[in-house]
Amino acid sequence: MKQYTRREALKLFGIGTAAVAGFGLVGCSSSGESIKNADEPVPASQAFSQTGVWMQYDGDEQIGKDVAIERIFAFDGSGNVAVYQCDGATFADLNGLSSEEIIEFAKQQDETVFDAAKQSATDSTSEIIQKWQDAYSTLDGERSAGTYDTVLQGDSPDNYGADELSFIASAYDTALSNLQGMITTAEEGQEANEAAEYSEPQSKPYTLTVTTDGSGNSAASESLDFTYTFLNFYVPRDEFELDDDLGVMNLGEAPYEIEGAGEILMDSEDSIGLYSPNYSTTQTVYDITFGGYPGLATVVSEGHAGFMWDTPDTEGIEVD
């Protein structure tokens, strides 16, 4: 029987997580503007339940114009988030942008990451396929001519008995068969690489998880758990080398059968720890003030009161 999380069970009854989160926050405003201008610390469940944009960065750094943005999160206000990968973006790039414009910027960044990963994968795979094809031609020529130069290293086949030559020929046959299998699979993977098209990340449910202390009554940590699109372009493992080691030539059990070939866009689970702020909760870069948790920030008003963990009795969150 399927076991449902609290979030899934609520959705079965048509109750949104954002709405439920509000039940445990009586007296707290639920508007995005009130969060942006909060004069009291905002719990994570309230902060992420609103339509908003958050930026992930290295939590060991203080936000600054040159600090890299790793990913951008677009929360839809209904318990879902879309995750965009970034490529060289910094907080300076966000100056003067509205939330909607930041999301458009995030889409451009995400597509750039996709294009770069696709190009890298196709280039690497092409190089390996060419290497294997060259190796195949070399071995096939030696096998056909009966010289076996790769194994014999210039020694004359006349110095070997019939049984030894038969064994060497069999080794060549095995290596050629394995190489052809590797090439065929790599070519199929390359076809998948080349056919892959960019698809904008879709909003997917997230979960907030509170871990309690020894008493079980207070939060010791909290995390944002979510699903994002993982780019799984195909690049074959380059394990074939031409030398005089028959063990290398006899590749044995299909090293070319690589899982995931053709599965370019895959869902992967991830988690971000919402560490308690231990320095100023706001930082201004040019004309924008950012606040949040170390490593995860959003646009706020100057003088914002900051953000905090949820309590274990907050509705709509997971508790250990």
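This is a predicted model: local features need pLDDT of at least 70, side-chain atom pairs count only at pLDDT 80 or more; totals for chains, interfaces and linings use all residues.
I will begin with Thr289, which has its place in strand β10, residues 288–293, where helices (H or I, at least four residues) and strands (E, at least two) are DSSP runs numbered from the N terminus. Residues are numbered from 1 along each chain as its sequence is written, and side-chain values use heavy atoms, with hydrogens and water left out.

Is Thr289 buried or exposed? Thr289 counts as buried because its relative accessible area is 10%, given that buried means under 20%, exposed over 50% and partly exposed in between, with a 1.4 Å probe and protein chains only. The side chain of Thr289 makes a polar contact of 3.0 Å with the side chain of Thr284; a polar contact is a pair of N or O atoms within 3.5 Å, where within protein one must be able to donate a hydrogen and the other to accept it, and residues adjacent in sequence count only if both atoms are side-chain atoms. If we leave aside neighbours within four places in sequence, the residues in contact with Thr289 (heavy atoms within 4.5 Å) include Thr282, Thr298 and Val300.

That brings us to Val300, which sits in strand β11 and is buried, with a relative accessible area of 4%. Val300 and Lys36 are 264 residues apart in sequence, yet their C-alpha atoms are 4.5 Å apart in space, and Lys36 is also among the residues that Val300 touches, together with Phe290 and Phe307.

Let me turn to the largest pocket, which holds about 460 Å³ of space. Of the 21 residues that line it, the closest to its centre are Thr51, Gly52, Val53, Ser99 and Thr298. On a 1 Å grid over the protein atoms alone, a pocket is an open set of points with protein on both sides within 12 Å along at least five of seven lines, in contrast to a cavity, where a 1.4 Å probe fits but cannot get out, and lining residues have an atom within 4 Å of a point; grid points are joined across faces, edges and corners, and the volume is the space filled by probe spheres set on the points. Which element gives the most to this lining? Strand β2 does, with five residues, while α3 (32–36), β2 (51–57), α5 (99–145) and β11 (296–300) each supply at least two.

Next comes an open sheet of four strands, with the order β8-β7-β6-β13 and mixed pairing. The strands β8 (265–273) and β13 (318–319) stand at its edges with a single partner each, so one side of each is left without a neighbour in the sheet. Strand β6, residues 207–212, runs parallel to β13 and is joined to it by two bridges, and two strands pair if DSSP finds at least two bridges between them.

In the loop between β6 and β7 we find Ser215, whose side chain makes a polar contact of 2.6 Å with that of Asp213.

I close with backbone angles. Most residues other than glycine have a negative phi. Gln153, however, has a positive phi near 55°, and Tyr286, in the loop between β9 (282–285) and β10, likewise has a positive phi near 55°.
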